[in-house]
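Here are my notes for you as you open this one up. Have a look at the model, then go through the points in order.

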Amino acid sequence: METYLAGNTKRLGRLQNRDGYEGTLEVCDREVREERLPVESIASAMEQVGVFEVLTTDEVAALASSARPIVLGPHERIIVQGNKGSSLFLLQEGGLEVIAKQDGKERVLAELSPGAVVGEIAFLSGEPRTATVRATDSATVIEISAAHLKPLVEGRPAILEQITALVAKGC
């Protein structure tokens, strides 16, 4: 806040970049520490999540091979309420909190532990994000892009309907 009020835009930019923000407080593309997890490890984590139970072993492996692990620092945001999004995130380790802004006030809706999935509504519908999600301390999430699901859906269109039904049931 002091940096902003002092008008030190260079320092403010560095601080925001370090925290994954652009000048508009949007999450920006930041340097992601490439910690490639073994595909088998990602596939195993995905198989434990209800949303992916409709996929065959080969489909899970294909999706896992294109998934991207992301390491988050304390309070670093992975999803911002109102932004567009086309990825969902599987919490591998650490903790996340889900925050929604209602009537100008932020409210913590949930605290999540490993195995939780966030971002599935925007992932399936293309609608703006309904809440902000950030790491509580630090966390590792696995990003799964809708673009990587598309070839699977083209090969077996029923996947999308089945995943949507599971998300609607709260899996």
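1. A word on exposure before anything else: buried means under 20% relative accessible area, exposed means over 50%, and partly exposed lies in between (1.4 Å probe, protein chains only). With 44% relative accessible area, His75 is therefore partly exposed. You'll find His75 in the loop between β1 (68-72) and β2 (77-79); helices (H or I, at least four residues) and strands (E, at least two) are DSSP runs, numbered from the N terminus.

2. Some housekeeping. This is a predicted model, where local features need pLDDT of at least 70 and side-chain atom pairs count only at pLDDT 80 or more, while totals for chains, interfaces and linings use all residues. Residues are numbered from 1 along each chain as its sequence is written, and side-chain values use heavy atoms, leaving out hydrogens and water.

3. Check the backbone at two spots. Most residues other than glycine have a negative phi. His75, not a glycine, has a positive phi near 65°. Asp103 isn't a glycine either, and its phi is positive at about 55°. Asp103 sits in the loop between β3 and β4 (105-112), and its relative accessible area of 80% makes it exposed.

4. Now the inside. A nonpolar core here is a set of buried Ala, Val, Leu, Ile, Met, Phe, Trp, Tyr and Cys residues joined through side-chain atoms within 4.5 Å. The largest one has 24 residues, and Met46, Phe52, Leu63, Ile144 and Leu149 touch the most other members. Two or more residues each come from α3 (39-47), α4 (57-66), β3 (87-102), β6 (132-145), α6 (146-155) and α7 (158-169). The largest share, four residues, is from α3. There is also a second, separate core of 14 residues, with Leu72 and Val98 among them.

5. How do α3 and α4 meet? Their axes (lines fitted to C-alpha atoms over the stretch in contact, with angles from 0 to 180 degrees between N-to-C directions) come within 9 Å and cross at roughly 120°. That makes α3 oblique to α4, oblique being whatever is left after under 35 degrees (roughly parallel), over 145 (roughly antiparallel) and 65 to 115 (roughly perpendicular). On the α3 side the contact (heavy atoms within 4.5 Å) is made by Val39, Ile42, Ala43, Met46 and Glu47.

6. Finally, Glu47 of helix α3. At 44% relative accessibility, Glu47 counts as partly exposed. Beyond its neighbours within four places in sequence, Glu47 is in contact with Thr57 and Val60. Glu47 and Thr57 are ten residues apart in sequence and 8.5 Å apart in space, C-alpha to C-alpha.
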